[in-house]
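Subject: Structure handover and notes

Hello,

Here is the structure for you to look through. Please open it first, then read the notes below.

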Amino acid sequence: MANATPSASSTKETTNYARLCRLLVDIGTQALRDTLDAIHAPANLHTVLAEKKKTLKSLRAKKVINPIQWGKLFPVIPTSVSSRDFDITLLMILLRHLCGLTAPPTGWDALPATHDLRKEADIARVKYFRNTVYGHAEKASVDDIDFNDYWRDIRDILVRLGGVTYEAAIDDLRNETMDPETKDHYVELLNQWKKDENSIKDQLDEINKKLEFLTSKDIKDEGQPEQGAEANFTVITRDSGGQKFHNEQEQVTVTVSYQTRDKEVQVVDCKVCYKPKSVSRHDVEIKVNKCSLTGSPSKVEEKPHQYKVVRSSGSGELSGPYCIAKNEITGDIAVADYMNKRVQIFDKDMKHVKMTIGAHHISVKNDDGHVIVCDEGDRKIKEISSDGKELLLAFSAPDSEVNPSFPYFYRGMFFVSYMLAHCVKVFDKGGVFLYNIGIDGSGEGKLRYPEGLSVDFYGNLIVCDASSIDQNLHSGVLKMFTLDGAFLTSFGEDTFKVPWIVSSCNNGELLVADVVGDSVHILR
């Protein structure tokens, strides 16, 4: 029996389908290739790929890029790489991930709005019409009405991407004769393109399933993070069955939010390391492949920096040290003796006296070198020019009959001890009173007799607080506050007799002079 001859309409409809396949595969590939070449010049393509190799490795690990495509991207001779060797799937991947293009509002996988004629939108449309045409794959046929609509829309897209020179090639393709072998070839190419993208989607869906939740037990913390100290924890991802899942190629990012500031921190093999710089409750957000995991962000409380004495000096050389400062250039440490009425200059290790001079305590502003003094005569804080010839500012606390002492200027504010008022008073740079820090007492947030003060490397206010200021002076402690007056911690009860003055150093150390213990201590 002779084979049945297909009807004319059936032959025309299958040819329509094959023409659309060829339009998308042949002309569509060339249009995407020209778009890539316009963004990354062919002569520089090898350089761009080398710079983006980390991103490409991540895509390869997720099997978004297959081994054959990887070989095309990174041939043995790097400069021989060419977009001519890239298939349409790879071109789509590179345009989406390496060209700085922003996905349309509807995303890369949906039909963009009609009025959106940007390059990104047309790239998304190519994929949309690929899927639309492939929707006819079961019968491999498209009737004339749908064919004409599809051809018009795809033609407009490719001409916008490739330019008017594409018009003639597209029109010729519409009228070109196609033999059965050619038709089968382009139908198979479109099928393969769809299969490749389905495989990529399946791989990403599987990864997302395995990363679909993170519980609190999956963060192994090594204790409450300390301000200024290295904090560590490990992120353990689990699949939906609760089993551990980790791919070394996954991109894990951790962001620590300090109030309004965000900082991405170091992640190595899912081990997270960061140094808290402020004492506050903050968010730790964990993302894998840019997707936030369940349970993220989480709240983390930091504890204040814990100072420890690393060196002490002074036995026999000091008598009532009441002022201390460090030369940040030479490392030398100057200590003023109350009883000896002198300043001794020690080397950085506090082992040798390099110089002895007569002097009295002053405070100097770091930003302009102006001198700050407290005048007991009129109970005013005064700012004087660095040469001592001009009074620049004079101010006092309102309704206060108490003498100020130990002024300190930091970031536009004056911090001044008022021992008999049992507080530190804060003024703005113009001398206007702002607020008090501390109230009378010996507990948390309270001050008995505040003396020397300084702002440490971490932005905390450190205040020396004595038990008394008369012959009963026998004990004291260092107290730490935020700059707005919130109490953080106290320390030094078992280390010092009476810490009288504290000075902060650029390397994070504190210098503390013990007026009763006749000693100087370096804390870190």
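Start with one term: a residue is buried if its relative accessible area is under 20%, exposed if over 50%, and partly exposed in between, using a 1.4 Å probe and protein chains only. This is a predicted model, where local features need pLDDT of at least 70, side-chain atom pairs count only at pLDDT 80 or more, and totals for chains, interfaces and linings use all residues. Residues are numbered from 1 along each chain as its sequence is written, and side-chain values use heavy atoms, with hydrogens and water left out.

**Helix H3**

Helices (H or I, at least four residues) and strands (E, at least two) are DSSP runs, numbered from the N terminus. Helix H3 covers residues 53-61, and its buried residues are Leu 56, Ser 58 and Leu 59. Why do they lie on the same side of H3? Because they cover an arc of only 155° around the axis. That arc is taken from the directions from the helix axis to the C-beta atoms. What covers them? The cover includes helix H2 (45-51), helix H4 (67-73) and helix H5 (88-97). Contact here means heavy atoms within 4.5 Å. After H3 comes Lys 63, with a positive phi near 65°.

**The sheet S18 to S21**

Two strands pair if DSSP finds at least two bridges between them. Strands of a sheet pair through backbone hydrogen bonds, either parallel or antiparallel. Here, four strands make an open sheet in the order S18-S19-S20-S21, and the pairing is antiparallel. S18 and strand S21 (433-437) are the edge strands, each pairing on one side only. On average, neighbouring strands of this sheet are turned by 20° against each other, direction ignored. For such angles, axes are lines fitted to C-alpha atoms (for helices, over the stretch in contact), and values run from 0 to 180 degrees between N-to-C directions.

Look at S18 and S19 next. They pair in the antiparallel sense over four bridges. Ser 405 has Ser 417 in S19 as its bridge partner. Phe 409 has Phe 414. How many residues of S18 are buried? Six of its six are, so to speak mostly covered.

**Aromatic pairs**

A pair of aromatic rings is described by the distance of the centres and the angle of the planes. Rings of Phe, Tyr and Trp (its six-membered ring) pair if their centres lie within 6.5 Å; planes under 30 degrees apart count as stacked, over 60 as edge-to-face and the rest as tilted. The structure holds 10 such pairs.

Take Phe 395 and Phe 414. Their ring centres are 5.1 Å apart and their planes stand at 55°, so the pair is tilted. Phe 395 is in strand S17 (residues 391-395) and Phe 414 in strand S19 (residues 413-418), 19 residues apart. Phe 395 is buried, at 5% relative accessible area. Phe 414 is buried too, at 0%.

Now take Phe 406 and Trp 500. Their centres are 6.4 Å apart and their planes are at 80°, so this pair is edge-to-face. Phe 406 lies in strand S18 (residues 405-410) and Trp 500 in strand S28 (residues 499-504), so the pair ties together parts 94 residues apart in sequence. Phe 406 counts as buried at 11%, and Trp 500 at 14%.

Ring pairs also link Phe 395, Phe 409, Phe 414, Phe 427 and Phe 433 into a cluster.

**Charges over rings**

A charge sits over a ring if NZ of Lys or CZ of Arg is within 6 Å of the ring centre and within 35 degrees of the ring normal. Lys 53 has its charged end over the ring of Phe 74, 4.7 Å from the centre. Lys 425 lies over the face of Tyr 418, at 5.6 Å from the ring centre.

**The sheet S24 to S27**

A further open sheet has four strands in the order S24-S25-S26-S27, with antiparallel pairing. Its edge strands are S24 (449-455) and S27 (487-491). Neighbouring strands are turned by 25° on average, direction ignored. S25 (residues 461-466) and S26 (residues 476-481) pair over six bridges. Ala 466 has Gly 476 in S26 as its bridge partner.

Best wishes
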